[in-house]
Amino acid sequence: MGVTVDVHQVFQYPFEQVVACFLRKYPNPMDKNVISVKTVEEKKDESTGLIYRKRIAICQNVVPEILRKVSILKVPDIQLEEESWLSLQKRNMAIRSHCLTWTQYASMREESVFRESVENPNWTEFIQTGRISITGAGFLNCILETFASTFLRQGAQKGSCHCVYFSSRLTSWP
């Protein structure tokens, strides 16, 4: 089966400011679910100026306690891997992320793009598509997919609020 989450938003802030906010937004006191984010690889293609980053995020397991009675769900933390490609010249950043935890039972993938808005070059467009599929949990598959999609939608909305909040306070490039 599977669940898809789509987000499209325009931030009324310049591209550089929104991307800098995104790269710095976790961990923060407004979202206690993200414990840490570590850059494990970063390189710049000198010929194109493209900056590649790979980061690993450690998040609290937010699966409700009642569902954690199932042994596969009894983990303290969830790991996510994020890869991004930033082009300051083209004013866009593509991001792909996926879950490293529960790979034999679940697939969680997100693809996002930040780019200069066509409406106004001082604004930034954000487009995100995410897909979650749960297998191997029997009758819990549908319940877990519903919970995960609700959590992702809330996270996308919260992430947008965080970007607006932090963008308004950002003074330097990461």
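Q: Which residue holds the cysteine sulfur closest to the sulfur of Cys 59, and at what distance?
A: This is a predicted model, in which local features need pLDDT of at least 70 and side-chain atom pairs count only at pLDDT 80 or more, while totals for chains, interfaces and linings use all residues. Residues are numbered from 1 along each chain as its sequence is written, and side-chain values use heavy atoms, with hydrogens and water left out. A disulfide is a pair of cysteine sulfur atoms within 2.5 Å. The closest cysteine sulfur is too far from Cys 59 for a bond; it belongs to Cys 99, at 8.6 Å.

Q: How many disulfides does the structure hold, and is Cys 59 buried or exposed?
A: The number of disulfides is 0. Buried means under 20% relative accessible area, exposed over 50%, and partly exposed in between (1.4 Å probe, protein chains only). With a relative accessible area of 11%, Cys 59 is buried.

Q: What is the strand order of the open sheet?
A: Strands are DSSP runs (E, at least two residues) and helices are runs of H or I with at least four, numbered from the N terminus; two strands pair if DSSP finds at least two bridges between them. The edge strands, β1 (3-11) and β2 (34-44), each pair on one side only. Pairing among the 7 strands is antiparallel, in the order β1-β7-β6-β5-β4-β3-β2.

Q: How many bridges join β6 to β7?
A: Strand β6 covers residues 106-116 and strand β7 residues 124-134, and the two run antiparallel. Ser 112 stands opposite Gln 128 in β7. The number of bridges joining β6 to β7 is 11.

Q: Which backbone atoms lie 2.9 Å and 3.0 Å from a polar atom of the Thr 124 side chain?
A: Thr 124 lies in strand β7 and is buried, with a relative accessible area of 0%. Its contacts (heavy atoms within 4.5 Å) include Tyr 13, Phe 15 and Phe 114. At 2.9 Å lies the backbone oxygen of Tyr 13, and at 3.0 Å the backbone nitrogen of Phe 15.

Terms used:
Polar contact = N/O pair within 3.5 Å; in protein donor to acceptor, adjacent residues only side chain to side chain. Lists of a residue's contacts leave out its neighbours within four places in sequence.
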